[in-house]
Structures are given as structure tokens and as C-alpha cells.
Amino acid sequence: MEAFNYVDERFADIRMLRFRVSAFNGLTPRQRRLIYYLGEATLWGRDILWDQNCRLNLRIRKMLETVYTEYKGDRTTEEFRQFAVYLKRMWFSNGIHHHYGCEKFKPTFTEPFLREALRETGQTVDEELMRAIFDPTVMSKRVNQAQGEDLVQTSACNYYGPGVTQRMAEDFYAKQTDPHDPCPVMHGMNSRLELQEGELREHTWRSGSMYGPLIDRIIHWLRLAEEEAESDEQKTVVRSLIEFYQTGDLRTFDRYTIEWVRCTRGDVDFVNGFTEVYGDPLGLKASWEGYVNIVDHEATRRTETLSRNAQWFEDNSPVDPRFKKAECHGVTAKVVEAVVLGGDLYPSSTIGINLPNSNWVRQRHGSKSVTIGNLTHAYSEAAKGNGFRQEFVIDEETIQLLDHYDDQMDDLHTDLHECLGHGSGQLLPGVSPDALKAYGNTIEETRADLFGLYYIADPKMVELGLVPDSEAYKSQYYSFMMNGLLTQLVRIEPGKQIEEAHMRNRALVAHWCLHNAGGAMELVRRDGKTFLRINDYEALRRLLGTLLAEVQRIKSEGDLLSAENLVETYGVRIDPAIHQEMLDRYAQLDLAPYKGFINPEIVPVRDSEGKLVDATIRYGEPFDKQMLRYGRDYSLL
Ligand code: ZN
């Protein structure tokens, strides 16, 4: 394989990465045309998200980009350098607030510098924008979740007009909800709620209304995509999406998502529209996101193999037969390659997507579960050689074990967790699914992880061709235990305990095993540093089987007391000395905590009449060039 640069520039707390689309060149020209059109429809949604995140974002971006491209003063000064970092952070976060923490960025350049630069680039000073950048009390949080405050009025996101309070919005939508409707639409997901002459009105995001010009561009490219669709089903999906963008009608949206769920054949798929509600403090309004993907048939076969053998895994697990499912169906997760990321999936992206979000659609028609394999791959390529393993793994032999197997085993463990773990086992009759209360999530994640850990070491895995040899599972055991006991602590602030369910689960499994290991694994000190040593992997597997049986019993019987005991004893508390040691060792590696992606360019190939005949893929565009190009070509400012 030729060299590919997965790792690109670093600024502030961010590392930019690139992903590779290996399936692109193997597609037909028609499929590549489809991808080009869907890609354009993806990129045209960008400014919708920018405006949703904060109503001043687009004006600030325009102002700062003009300085960035036209400033004739000294561009080598610390002031200009800091200004560029601010702009890059803004590009990365799709606005002036941190993409993850939601707090507003503190500029590390001065206000006099910007005023001078604006004058130098022929721009008038807009005092409202200056306050938004420099006054920390103005629009300080994009999404405020602090209890007791008016979450609508104190959040800088742009989902509610001036004067709308949390109470007003909640009452407005409570009135629209019919608790007896078996197929409820997601009220309010595609509109801004505004106060007009004392009345609350929804300004719907559709053609001819708010974001209409941008939505019309999306529709234009979707129409072209419809022509190149891979099947009649896919044509119908695209047509329904166009209809939804034209009307804003939420029943049409539900119909579209049902058609989208059913459309599973073919190589090319996409997401395009108002999707996740994390950006709204009330969790109603959906931010715009999109991406285009190609199915990875090879990797998808892995999850299909697991699903097909779901019953074998259920029958052979170390769990009490009373807690096993008589009939067991695995879930098939598609593995895909992302081609173009857009809106809320860009530049920072998730690696797994499960849609649609409507509960009744999921129950009746199912959902599409997708792992974006080329992004996971880029992450692990970027992690190579960053010094992490050299610092935290006990010896060269174990580092080599991880370098050799860990990517593959990590993917397989995730598949086992998702495709089999969550779906295995059953509750005894009369036991409520909520019996474990606040411990329910942690116990459920523990159960799924243990199922995966137990089986990744099974000879059946080699037999099914999912694991290359009988050594490979050891890398997953080592990295899982090291993470659960030691390295995941770097994500927790000093003095805090473990709260998040997945982190609690990993700590629980690792600490329980350590406590019961009797020499099979231990923490050792060397040169003042703490390391994990595993002495007997087979004994460790037996322990994992024992814990799996116990956790399944707790779940099946709804044994709240044992759940509480297990989680509180092993999954919550942190040794402060080890915690500080981990934080110090990690800080000295100087790794960027956040990562995101630069898109490849999908370049149209046209004939002499200008008709699109094919498309090619190009890598290597620098981040700032890509941002300026998107700002120029996909904006109607
Ligand atoms: Zn899970």
C-alpha cells in the first residue's frame, strides 16, 4: 500500500486527520456520479448548521475570513498567529463555541489588533460582532444545561427567537403532543420558534422559508442524484427527502425515514438532514448533518458472520440456562467508508451512527446501524507512534502484541458487543427492564463488553475466520484491562469520580478481575510508574466467564442490591495517587484531546459539453484551503 498521510496539522486542543476511501476507485462511473451529487448536497447544508449554532456565526466567519485572506500587514507576528488559531478553532467547531464543551472561545489575540486588521482590509467595525468575540459575558455558552436557569434564554444557539422563554417553548410543544398517537411526529424538530406580536410561531426550515435558499441548493443536487440512484427504492428515498425539504411536513419526514431504513441494497448510502437534538437545550430542534458513504462488503461480512451464529454463541455462553434466550437473532451492523462529511458530522465526526431517531419508526421498521470503518482506521493510524503505548504498556513484547493485533481485535470486540452482547440473554418472567434503576446502563454495558471479551478468546473465532490465531485475543485483554484500570482516568478531572456508564463498566470489569485474579494479573511499580502485567491470559478468560454469568444473573433477576454493590465497589471510585500519576504521564505526551477530519475532494469529470461523466477523488487539500473553499462555494452570504 502506498503511503498515506493520516495525520495533519495540530492547533489548540485539536489534531486534524485525513481518511482514505479505498472503495472509491472500484465503483462504476455512475456510482461515482451519484457520490458527487450527494456530496454536493452534503456540503450545501454547512451554513444551516453554522446559523443554528449561533445567529452571529456566519457574519463573524465572513469578517474573519476576509482578514485571513486579505490582510497585508505582518502575518508572522504572534498576534496574527493567534488570530489564525482562533479562526481555525471556529472553523472546526462550526462557530464561536467549543464543539464539545459548548463554551465560547477566549480569543488569544487582542481587540486593537482586530480593529486595525478590519480597517486595513476595508471592513467596517460591527460592534455587535466585536462584543460576541471579546466580551466573555455575551453568548457565553452555546447549550446551557445548568439546572435552575432558563435554558432557552441562557443558550446562545439559534433555535428560539428573542423573548422566547423555556417555559413558553415547553408549553407550546406540550400542547402539540398527543400521548395516544401511536405514530407521533417529532414536533418542532425542523423549525425555529419565534415570538411575533406576542404570539409564538414556528419558522419552518424548508424551501421558501427559513434556510430556503440553501435548502433549494440541496434539492437541486438531490434531483441530480435521483437520476443516478442505484435502485428504484433509493430513487423513492431521494424523492421523499426532496418532498420533505419542499414542504417541511413531518409526516413526510417519517415516511422518508421508513423508506430509508428499508433501502439496504446497493453500495452507496447517505444521511442528509435535520438529525440530532444535542444542540438544543430542550432536545427538540435537530441540527443539520449529512454524509455520503460506501459499504465495506468485506468488513460487513464480519458482522453478518456473527449474526448468523448468534444462537451458537447464546447456547455456549457460561450463563445459567434459565437466563438464556431460546431464540436468538444477532444484529447486523454495516461497516461503511465515509466519503464526504458535512454539517454536524464535520470536521469532528462520530464513528458509529444508528438512525432514525423516531422511537415508533425504530420499533416498527427497525434502524440502520453503521460503523464508519475508515474513520476508525484513521484514528488508529494516527495513534501509532504518538508515544502512548511506549509510555503506558509494560514491555516491548506487549507493545508488539498490541501493534500487531489491537486494531483488528478492537473492531471485533465492538462488533461482538453491538451485534451479540446487547441482544443476548433474557429477563426472568415478571422482572422489569428498569429494575436496576440508575445502575441499569452500567450493568447493561458491562454485560455486552463481557460477552465480547469472553468470546473473543474462543476457538470458535479462529474457526469462523474472524481472528487470525490463538494469540490475537491477548492484545484486546491487555488494552481493555490497561484502559479500565489506568489510562481511561486521563479523561477525568482530578478529584472527580467515574460517572459515565461505559467508563464505569470498564473500571468494574478490570477492577473486579484484578481483585479476583490471584496472580493472573497484577499492577506493578517500575521506575516510580504503575504498569499492568498479565501473567495468565487463560485464567483471565475464566474470570471473565464467571463475571459474565454473574452480571447476566443480576440483569435477569433484576437484583438491584447486587448491581449497586458491584458498580459502587469496582466501577466508581478512583485511587487519587494513580489518577494523578496517569494525568501527569499523559500530559507530558502532549496529545491533542480532540480530533477531526479534512474531507477528500470529489472532483467532477465532464465531457466537452459540460455533462458529468465521472468523478475522481483527491486528497491533500490543507484545512484552511478547504474551509475557505467551502465558505466561497457553498455559501449564500
Ligand atoms: Zn453498548
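**View 1. Strand β6, tucked away inside the structure.** In this predicted model, nine of the nine residues of strand β6 (residues 287-295) are buried, so the strand is largely enclosed by the rest of the structure. Both of its faces are covered. On one side sit Ser 287, Glu 289, Tyr 291, Asn 293 and Val 295, and on the other Trp 288, Gly 290, Val 292 and Ile 294, all of them buried.

**View 2. The strands that pair with β6.** Strand β5 (residues 268-276) runs antiparallel to β6, and eight bridges link the two. To find your way along this pairing, look for Val 271, whose bridge partner in β6 is Tyr 291. Strand β7 (residues 334-343) pairs with β6 as well, again in the antiparallel sense, this time over seven bridges. Here the pair to look for is Val 292 with its bridge partner in β7, Val 340. As a reminder, strands of a sheet pair through backbone hydrogen bonds, either parallel or antiparallel.

View 3. Which residues hold out donor atoms to the zinc ion? They are His 417 and His 422, each through NE2, and Glu 445 through OE, and they lie 2.1 to 2.2 Å from the ion. Along the sequence, the donor residues follow the spacing H-x4-H-x22-E. His 422 is in the loop between α16 (396-421) and α17 (440-456), while Glu 445 belongs to helix α17, so this pair ties together parts that are 23 residues apart in sequence. Glu 445 counts as buried, at 12% relative accessibility.

**View 4. Helices α19 and α20 crossing.** The axes of helix α19 (residues 473-485) and helix α20 (residues 501-516) come within 8 Å and cross at roughly 100 degrees. The two helices are therefore roughly perpendicular to each other. From α19, the contact is made by Phe 480, Met 481, Asn 483, Gly 484 and Leu 485. From α20 come Arg 506, Ala 507, Val 509, Ala 510, His 511, Cys 513 and Leu 514. Sorted by class, this contact has eight nonpolar, three polar and one charged residues.

**View 5. Helix α20 again, now with α22.** Here α20 meets helix α22 (residues 560-571), with axes that come within 8 Å and cross at roughly 80 degrees. This pair is therefore roughly perpendicular too. On the α20 side you'll find Arg 504, Ala 507, Leu 508, His 511, Trp 512, His 515 and Asn 516. They meet Leu 566, Val 567, Tyr 570 and Gly 571 in α22. By class, there are six nonpolar, four polar and one charged residues in this contact.

View 6. β1 pairs with strand β2 (residues 14-18) in the antiparallel sense over three bridges. Within that pairing, Val 7 has Leu 17 of β2 as its bridge partner.

**View 7. Helix α2, an enclosed helix.** How many of the eight residues of helix α2 (residues 46-53) are buried? The count is eight of the eight, so α2 is largely enclosed by the rest of the structure. The buried residues are Arg 46, Asp 47, Ile 48, Leu 49, Trp 50, Asp 51, Gln 52 and Asn 53.

View 8. Thr 305 has its place in helix α11 (residues 297-308). This residue is buried, with a relative accessible area of 12%. Leaving aside its neighbours within four places in sequence, Thr 305 is in contact with Leu 464 and Leu 466. Glu 199, in strand β4 (residues 199-204), is partly exposed, with a relative accessible area of 47%. Between the C-alpha atoms of Glu 199 and Thr 414, which are 215 residues apart along the chain, the separation is 49 Å.

Terms used: Residues are numbered from 1 along each chain as its sequence is written. This is a predicted model: local features need pLDDT of at least 70, side-chain atom pairs count only at pLDDT 80 or more; totals for chains, interfaces and linings use all residues. Side-chain values use heavy atoms; hydrogens and water are left out. Axes are lines fitted to C-alpha atoms, for helices over the stretch in contact, and angles run from 0 to 180 degrees between N-to-C directions. Helices (H or I, at least four residues) and strands (E, at least two) are DSSP runs, numbered from the N terminus. Angles under 35 degrees count as roughly parallel, over 145 as roughly antiparallel, 65 to 115 as roughly perpendicular and the rest as oblique. Contact means heavy atoms within 4.5 Å. Ala, Val, Leu, Ile, Met, Phe, Trp, Tyr, Cys and Pro count as nonpolar, Asp, Glu, Lys and Arg as charged, and the others, Gly among them, as polar. Donors are N, O and S atoms within 2.8 Å of the metal (3.2 Å for Na, K and Ca); water is not among the atoms, so sites may look incomplete. Buried means under 20% relative accessible area, exposed over 50%, partly exposed in between (1.4 Å probe, protein chains only). Two strands pair if DSSP finds at least two bridges between them.
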